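Dear colleague,

Please find below the structure that I am handing over to you, together with its sequence. My notes on its core, pockets and cavities follow.

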Amino acid sequence: MSEKIVVSAADFGAVPGGDAFQDEAIQKAIDHVFLAGGGEVQIPGGVYHVRGLRVRSNVTFHLLENAVLEGSRDPDDYSILKDDKIEPVDPDQLDDSPWERVGGAPKHFHKYASRWHNAVIRVYHAENVAIIGEKGSVIDGKNCYDATGEEYYRGPHGISIINSEHIVLRGYTARNTGNWAQAIQNTKNILVENIVNEAGHDGVHITTCEDVIIRKCEFYTGDDCVAGYNNKNVLVEDCEINSACSAFRFSGTNVLVHRCHMFAPPKFMFRGRMSKEEKEAGIMANDSAFYKTNARSMLSIFTYYAEPATKIYNLGTNITIRDCLIENADRFLHYNYSGNELWQKGQPMLDIKFENIKASGIAMPLTAYGDADVPVEVTLENIEFSFSEGKEDTTFIRAANYKKIRMKNVKVLNAGADHLIKSWDTEKKGEIELINVECSIPEENRIVYTDEPFFCQAI
């Protein structure tokens with residue numbers, strides 16, 4: 001086998017600085033390496049204005065120190081798959097029509113070459129691809145505004161990866177992406193390591209992916225940090241997670257969140273609250289008039305996510321959150337299968353476990369409302385918990401349609417309500433097991449059963 005080649009985008013005419021777009025020269029370098037059988041494309045330090053790039057199989061795209069890709073603010077600049085002569089795309093997968101919600105998903109979510117999937121960097125039907133960066137390297141989406149995009153303002157993603165395998169993302173900063181920073185669908189064997197996400201929308205959003213490792217990353221997002229559903233074998237470890245929405249809006253089979261720090265207040269705010277004029281201008285959400293008078297917290301540590309428009313094979317089961325420090329969030333667990341939750345109408349969750357957790361400053365701890373035909377199991381073990389100031393009289397767990405609620409070695413430091421758990425299981429079909437639970441509420445009053453109407457605010 002011939003040795004893999006290494007080229008510089010500069011040798012193909014890419015010049016940093018100035019106002020001219022450099023994507024054609026950079027794409028020539030990528031295509032040259034791909035056609036030669038694979039290798040590495042290096043991007044020297046400097047700022048490169050780009051409209052859209054496609055990284056192909058067996059190519060390492062290497063942002064050298066202080067190399068910055070700045071995306072166009074014109075959303076029509078990103079349709080790189082339309083005219084690809086080297087790896088033509090099935091025309092049936094191309095669609096430029098405006099965003100429309102079907103169920104909870106964008107209408108063209110499953111048309112993988114559609115406008116909704118546009119990105120600064122595309123990886124499409126590829127294998128053995130790496131996108132890596134050195135110190136100071138950035139992929140900047142410039143808060144690209146798209147009036148036809150999701151929610152009528154979201155532009156292209158930072159990186160879009162679809163129908164691929166053996167992917168490495170490492171070392172760069174993804175900043176101000178028009179939609180998700182890393183959008184990954186139908187892909188296997190993914191390593192996301194040592195990346196920083198700043199502002200934009202979701203940090204890493206994976207759907208129908210298998211064998212995923214996300215580690216040593218820093219997420220400071222205006223939307224969810226780690227999101228997606230229908231995944232299998234996912235490890236998230238040693239990450240800093242700071243969100244204006246949910247730390248995790250997620251589901252899958254065999255999911256482990258390990259040694260993560262999840263905390264608020266959020267560093268960056270959610271762009272959906274901005275005015276149309278502010279979105280068009282591309283300003284930071286933190287500078288929006290809305291946030292001059294409205295505070296924002298992290299909505300949830302773990303929000304269950306099951307999109308009804310997608311057939312789900314990988315059930316919400318064997319989900320574990322372990323050895324984590326959690327600070328200042330509205331909700332601890334948000335599982336609301338009562339019917340008013342748009343994102344929780346697909347496959348219900350079977351079980352989730354929290355283990356070795358220290359959590360403080362939580363306003364509305366756990367909602368565990370399962371499906372009547374698929375009752376949920378929730379386990380809390382080795383937990384130290386405290387409510388946020390002024391929320392001490394809140395119910396710790398609100399539960400319905402559960403197979404089992406198990407609390408072992410749980411300490412609730414400042415419980416002020418007259419009960420710990422409120423259950424809507426008046427027939428007592430499910431089991432509640434409390435082992436070595438410490439709180440100020442007397443043992444005989446810790447569980448109350450009710451037939452009052454159930455309500456949970458959707459998020």
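How much space lies in the second largest pocket? The second largest pocket holds about 300 Å³. A pocket here is an open set of points, on a 1 Å grid over the protein atoms alone, with protein on both sides within 12 Å along at least five of seven lines; a cavity is a set of points where a 1.4 Å probe fits but cannot get out, and lining residues have an atom within 4 Å of a point. Grid points are joined across faces, edges and corners, and a volume is the space filled by probe spheres set on the points.

Please note that this is a predicted model, in which local features need pLDDT of at least 70 and side-chain atom pairs count only at pLDDT 80 or more, while totals for chains, interfaces and linings use all residues. Residues are numbered from 1 along each chain as its sequence is written, and side-chain values use heavy atoms, with hydrogens and water left out.

Pockets

Among the 15 residues lining the second largest pocket, Gln 27, Gly 52, Ile 80, Asp 83 and Asp 84 lie nearest its centre. By class, this lining comprises nine charged, three polar and three nonpolar residues (nonpolar: Ala, Val, Leu, Ile, Met, Phe, Trp, Tyr, Cys and Pro; charged: Asp, Glu, Lys and Arg; polar: the others, Gly among them).

The largest pocket has a volume of about 670 Å³. Its lining consists of 34 residues, and Asp 223, Arg 249, Phe 270, Trp 343 and Ile 459 are the closest to its centre. The lining of the largest pocket has 15 nonpolar, 14 charged and five polar residues.

Cavities

Four cavities of 30 Å³ or more were found in the whole structure.

With kind regards
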